[in-house]
Amino acid sequence: MSDKKIKSVFIQGAISSEFIGESIAKHQTKISIGAHNIFLGQVRADVIDNKIVAAIEYTAYEDMANAKFHEIREAAFEKFELTCMHIYHSLGTVNAGEICLFVFVSSPHRKAVFDALEFIVEEIKSKVPVFGKEIFEDNSHQWKVNS
Amino acid sequence: MKVTIKYFGLLSEVTKCEEETIDFSKTLISELLEELCIKYPNLINKDFQVAQNQELVSFDTKLLSNELVLLPPFSGG
């Protein structure tokens, strides 16, 4: 869908539940949709060497990241019968328990949104240059590696 | 030629900078990386990929732009 221009998916700080709720509400006018599916990535308070992760600080190679998000969108629209798709990712500090990734897909039918959402999230994890620095409660840190 | 190198995540801690411009007279990315590993010995045992023109490329690729980006393992989401 070449008419869809590249837009930034990045949001400074955590993604609020109000933002997510409003995003859902905006789709009530799109009445060809029969199914939505949502993925919310949440910062987990991992315990590593007896230290608890208090927050993750995200940075990204933004130009390449936005281009990759765009490629993932195009690929998903190509592969699945989607009406619309929204991706938001945090930059900066997100505390444990807060949301750092919001992926929202909509389609006339459920099968497409189940399949598309998994595809999109896995693609984001493997192809988008975003880096998470896990900040522990004692202010020390380590760089996160996706499993 | 002048090449700007950008470092992200853990790598910027190793080099203590997020970007720098250096003079480079050879042709391959691997040759540029060899020079960087001499400057920053701790880079040698780090896991990273490189991107030019916003695409990941292998180390034996020719340096085609005046910017090279060093990227540690991705950990978004």
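Predicted model: local features only at pLDDT ≥ 70, side-chain atom pairs only at ≥ 80, totals over all residues.
Student: Which three residues supply 37% of the area that chain A buries against chain B?

Tutor: Contact across this interface involves 25 residues of chain A and 17 residues of chain B. Together the chains bury about 1,700 Å², with 58% of that area on carbon and sulfur atoms. On the side of chain A, the 37% share exceeds that of any other three residues, and its contributors are Tyr61(A), Phe131(A) and Trp143(A).

Student: Which element of chain A gives the largest share of the side that touches chain B?

Tutor: Across the interface there are 10 residue pairs in polar contact. The elements giving two or more residues to the side of chain A include strand 4 (51-60), helix 3 (110-127) and strand 7 (130-136). The largest share is 5 residues, and it comes from helix 2 of chain A.

Student: Is Glu123(A) buried or exposed?

Tutor: Glu123(A) forms a salt bridge with Lys127(A) at 2.9 Å, N to O. Both residues lie in helix 3 of chain A, 4 residues apart, which is about one turn of the helix. Lys127(A) has 39% relative accessibility and counts as partly exposed. Glu123(A) has 17%, and because the cut-off for burial is under 20%, the class of Glu123(A) is buried.

Student: How does Asp46(A) count by relative accessibility, and what is the value?

Tutor: The side chains of Asp46(A) and Arg44(A) meet in a salt bridge at 2.8 Å, N to O. Arg44(A), with a relative accessible area of 55%, is exposed. Asp46(A) falls between the limits of 20% and 50%, so it counts as partly exposed, at 23%.

Student: How many residues apart in sequence are the parts that Asp23(B) and Lys2(B) tie together?

Tutor: These two side chains form a salt bridge at 3.4 Å, N to O. Asp23(B) lies in strand 2 (residues 19-23) of chain B and Lys2(B) in strand 1 of chain B, so the pair ties together parts whose separation is 21 residues.

Student: What is the geometry of the aromatic pair formed by Tyr7(B) and Tyr40(B)?

Tutor: A pair of aromatic rings is described by the distance of the centres and the angle of the planes. For Tyr7(B) and Tyr40(B) the centres are 6.1 Å apart and the planes stand at 80°. Tyr7(B) belongs to strand 1 (residues 2-7) of chain B, while Tyr40(B) is in the loop between helix 2 (29-39) and strand 3 (49-52) of chain B. Because planes over 60 degrees apart fall in that class, the pair is edge-to-face.

Terms used. Residues numbered from 1 in each chain as written. Chains lettered and ligands numbered in written order. Heavy atoms only, no water. Contact = heavy atoms within 4.5 Å. Buried area = accessible area lost by both parts, 1.4 Å probe. Polar contact = N/O pair within 3.5 Å; in protein donor to acceptor, adjacent residues only side chain to side chain. Phe/Tyr/Trp six-rings, centres within 6.5 Å; stacked < 30°, edge-to-face > 60°. Salt bridge = Lys/Arg side-chain N within 4 Å of Asp/Glu carboxyl O. Buried < 20%, exposed > 50% of the residue type's maximum accessible area, 1.4 Å probe, protein only.
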